[in-house]
Amino acid sequence: EKYQNWELIKKAGPTATMASQALKVLRLFLLKPIKPLTGVTDRFVRRGYFGGRTEIFRPEYHGSKNLYCYDVNSLYPFVMKENEYPGSFKAWTRTYKPDQMGFYEATVEVPKNMYLPPLPVVEKIGQSEKLIFPTGRFSGVWSTIELEYARSLGVKIIETRRGCTFHNAGYIFRDFVNTLYDMRKEAQAKGDG
């Protein structure tokens with residue numbers, strides 16, 4: 001059958017939460033299980049885990065030219081499919097290794113005039129914590145990908161204190177996304193909502 005794992009997917013049952021259902025389906029597609037992080041490594045990496053950026057930069061348009069709006073079809077699955085991901089933990093390091101997947105505790109300097117600063121930090125503002133994207137000199141934990149992107153925009157990495165690197169697990173979501181996206185297109189073609 002085209003979707004050989006579909007019977008196993010259906011057995012997960014309707015009572016499963018959406019997150020646990022998604023995890024069960026994903027596990028059917030993984031060639032090797034992903035080992036969870038534990039202890040110090042888990043806490044360190046979570047310091048560099050942030051939600052998405054949602055901001056309005058120009059809420060009104062007063063120009064005379066036509067305005068065009070674009071949307072990406074299934075952006076999250078597309079990104080999951082087209083990127084390599086870290087696998088198992090490799091090593092702790094005090095040396096920044098931009099060619100390896102990892103997370104680093106770093107001090108950076110973001111130019112004061114940068115319109116969209118790229119690196120997030122969580123700061124206590126009043127009684128709550130806020131995700132902000134500051135300029136100037138500050139410290140935090142970020143992935144190699146974030147630090148290299150920031151450097152490409154002119155951000156300086158002043159110092160890295162410690163980091164942890166991971167083995168490259170490759171395109172672990174590609175088959176998962178392709179199969180489920182094909183199933184979605186097939187259902188839509190049949191009018192099955």
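Let's start at serine 139, which is found in strand β5; helices (H or I, at least four residues) and strands (E, at least two) are DSSP runs, numbered from the N terminus. This is a predicted model, in which local features need pLDDT of at least 70 and side-chain atom pairs count only at pLDDT 80 or more, while totals for chains, interfaces and linings use all residues. Residues are numbered from 1 along each chain as its sequence is written, and side-chain values use heavy atoms, with hydrogens and water left out.

Serine 139 counts as partly exposed because its relative accessibility is 40%; buried means under 20% relative accessible area, exposed over 50%, and partly exposed in between (1.4 Å probe, protein chains only). Leaving aside neighbours within four places in sequence, serine 139 is in contact with Ala106, Thr107, Val121 and Arg161, where contact means heavy atoms within 4.5 Å. Under the same exclusion of neighbours within four places, phenylalanine 138 is in contact with Ala106, Thr107, Val108, Val110, Leu119 and Val121.

Phenylalanine 138 also takes us into the largest nonpolar core, which has 14 residues; Phe138 is among those with the most contacts inside it, along with Val108, Val110, Leu119, Trp142, Leu147 and Val155. A nonpolar core here is a set of buried Ala, Val, Leu, Ile, Met, Phe, Trp, Tyr and Cys residues joined through side-chain atoms within 4.5 Å. At least two residues of this core come from each of β2, β5 (136-143) and α5, and β2 gives the largest share, four residues. A second, separate core of eight residues includes Val25, Leu30, Phe173 and Val177.

Now follow β2 into its strand pairing. β2 and β6 pair in the antiparallel sense over nine bridges, with two strands counted as paired if DSSP finds at least two bridges between them. Methionine 101 has phenylalanine 166 as its bridge partner in β6. Strand β6 (residues 156-170) also pairs with β1, again in the antiparallel sense, over six bridges, and here glycine 163 of β6 is the bridge partner of threonine 93.

Finally, look at the largest pocket. Its lining has 47 residues, of which Tyr49, Phe50, Tyr85, Pro86 and Phe103 lie nearest the centre. On a 1 Å grid over the protein atoms alone, a pocket is an open set of points where a 1.4 Å probe fits, with protein on both sides within 12 Å along at least five of seven lines; lining residues have an atom within 4 Å of a point. Elements giving two or more residues to this lining include β1 (85-93), β2 (101-110) and α5 (144-152).
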